[in-house]
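Welcome, and please take a moment with the sequence and the model. The short report that follows walks through how the chains meet and what lies inside.

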Protein chains: 2
Amino acid sequence: MDIITLAHGSGGKMTHELINNLFKKYFSNDILGQGDDSACLEFKAGRMAFTTDSFVVSPVFFKGGNIGKLAVCGTVNDLASAGAKPLYLSCGFIIEEGMPVEELERIVCSMGETAKECGVRIVTGDTKVVQKGAADKVFINTSGIGIIPEGVNVSGRNAKPGDKIIITGNMGDHGCSIFLEREKLDINAEISSDCAPMNKIVEDILNITMDIHVLRDPTRGGLATTLNEIAGQSGVGIKLNEDAIPVRQEVAGVCELLGMDPIYMANEGKMIIILPECHANDVLKALKSNKYGENAAIIGEVTDKPAGRVSIKTVTGGSRIVDMLVGDQLPRIC
Amino acid sequence: MDIITLAHGSGGKMTHELINNLFKKYFSNDILGQGDDSACLEFKAGRMAFTTDSFVVSPVFFKGGNIGKLAVCGTVNDLASAGAKPLYLSCGFIIEEGMPVEELERIVCSMGETAKECGVRIVTGDTKVVQKGAADKVFINTSGIGIIPEGVNVSGRNAKPGDKIIITGNMGDHGCSIFLEREKLDINAEISSDCAPMNKIVEDILNITMDIHVLRDPTRGGLATTLNEIAGQSGVGIKLNEDAIPVRQEVAGVCELLGMDPIYMANEGKMIIILPECHANDVLKALKSNKYGENAAIIGEVTDKPAGRVSIKTVTGGSRIVDMLVGDQLPRIC
């Protein structure tokens, strides 16, 4: 079998072969092996986080990752944003007829490896195949379940005036990398996607203090849009210092050339942390010793007003309002 | 806003408008309203079922339902197949740029109504938009979580020799309906999809006896493929009586005309029940008084051998092996 055919999505013999020869090879675990339509999971009493994301990134392979790695990291990071320890993932594939099996295998292999790094198990799945031209190569949905440790209460509604805002690293790497990859621009810049799981870094932070108010990964719409969401949910103002926001020099250069702003560019391996000032330096120090947090920085603070507004003190000393992303800077970034 | 644009999938302003004006209108519940990336759910200790399904049916509107109703029923039915009480759903939309908002609204409205009928809440979601031609109108993923009551132990691995096999109604309605709709065949047959939630019927059955061995909905690949899966999982034989299998006359007629077999046609509102003979008549009687079980019938039994094989006693008195679906009878049925 060299290419995916409609019969692989029929639910019949070829679907079973695909599941047994490909998916189970890379996602192997006891629960997935049971073969029922639902995975059966044991739980202790408590609070659970549940989330879903569909991935349609184009191209499916890019510097620093591929749609499979992204699909695992994206959902793991959404669970981590609730302060949860991610445990189980589902995955649903929608595949375009004619996709080379070798490409699918690289994607699935990458999902298996990333799940292993995160300590999550892919326990249930689904495969559909659509005719050539009815989808663009492959779309992946991952949904996830995690356990929220007792004492953790993290939400976009919890930002408080006086809180500090930390970002775990450079802004815009993912968006910029996808843009260069897709447009095949002849720009000589070594930029990779930052695609990475944030659950271990969140675990580290919560080990320092449970008194974390907000965690959120600034994906589509970037830092600016995500902070606007939080300002709206919490009914607070947010003030940023432009010169504190870490941006890789190459990303800043490409953005300037193309008239884009790194704070609106998508990230796939970064976390916004909003927390009481008293914990900010300890958390920052811990982040900097983690491979995914080397460039972490305190970039601003929460104010009581103007409620729902994000503003930025620019490098030149001025101040401007930073709105949500309007329109679409870059489609199919994730 | 008349049509869906790429900006609706940007994660920015228009995505938020779509969520607030459309999704929250029909999916309203406390948990979804919180606005975080993960839904936070309280759980008691116990066993949980977790499942996922992507829906790519074409056309998206058909007699008896649409892709939205199907997406809710499909995942609810997979949870019910584990004997679980479905509680929470996620939904992920992949929308083709240019889709009329009015069509999306009909689909979302239908999802809201079906979720209400099932007693489940849609608590988390995701929206992606891809360029015109990169998807076929709309694809929907639903993942779901349900609670498995104590004492229930239902699995495709549990069929035992001597067990009876019940099917809750007529075979092939969904597959046949989609086929007629898609091919616009000039056949004068009033056939609707059977798309319906099976969770209440499963609850009724488990109220009669917890001693149910297998539950499974015969969707893609139909009754024949699903029974082959179960025979394989349990290492048993299955013997069917062809003249006991309920098939609507119109469906039988269309299948004969087109050279298809109703036992390979997809169903979206039926359940296979495998249980000890001593409970079969009580369960059958209860099913017949349920609107989704009026045509229920005992269609065969489990044997010790040949292990993994399904055979059928034909109307003319012969016997033949019934294999899994090979190839693809009908793509994009769900």
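In which sense do β1(A) and strand β2 of chain B pair, and over how many bridges? In this predicted model, the two strands run antiparallel, and 5 bridges join β1(A) to residues 46-55 of chain B. One position to look at is A:L41, whose bridge partner in β2(B) is B:M48.

That pairing sits alongside a wider meeting of the chains. Chain A brings 69 residues into contact with 69 residues of chain B. Several elements of chain A each give at least two residues to the side that touches chain B, among them β1 (39-43), α2 (67-80) and α6 (222-234). The largest share of that side, 9 residues, is supplied by β2(A).

Here is the make-up of two contacts by class:

| α1(B) with α3(B) | 7 residues | 1 residue | 1 residue |

Helix α1 (residues 13-26) packs on helix α3 (residues 101-118) at about 30 degrees, and their axes are 7 Å apart. Because of that angle, α1(B) counts as roughly parallel to α3(B). From α1(B), B:L22, B:F23 and B:Y26 make the contact, while α3(B) contributes residues including B:L104, B:V108 and B:M111.

The largest nonpolar core has 216 residues, and A:V138, A:I273, B:V138 and B:I273 touch the most other members. Leaving aside residues up to four places away in sequence, B:V138 touches B:L104, along with others including B:V60, B:I67, B:F93 and B:I107.

Technical notes: Residues are numbered from 1 along each chain as its sequence is written. Chains are lettered from A and ligands numbered from 1 in the order in which they are written. This is a predicted model: local features need pLDDT of at least 70, side-chain atom pairs count only at pLDDT 80 or more; totals for chains, interfaces and linings use all residues. A nonpolar core is a set of buried Ala, Val, Leu, Ile, Met, Phe, Trp, Tyr and Cys residues joined through C-beta atoms within 7 Å. A residue is buried if 20 or more other C-beta atoms lie within 10 Å of its own, exposed if 12 or fewer, and partly exposed in between; C-beta atoms are placed from the backbone. Two residues are in contact if their C-beta atoms, placed from the backbone, lie within 7 Å. Helices (H or I, at least four residues) and strands (E, at least two) are DSSP runs, numbered from the N terminus. Two strands pair if DSSP finds at least two bridges between them. Axes are lines fitted to C-alpha atoms, for helices over the stretch in contact, and angles run from 0 to 180 degrees between N-to-C directions. Angles under 35 degrees count as roughly parallel, over 145 as roughly antiparallel, 65 to 115 as roughly perpendicular and the rest as oblique. Ala, Val, Leu, Ile, Met, Phe, Trp, Tyr, Cys and Pro count as nonpolar, Asp, Glu, Lys and Arg as charged, and the others, Gly among them, as polar.
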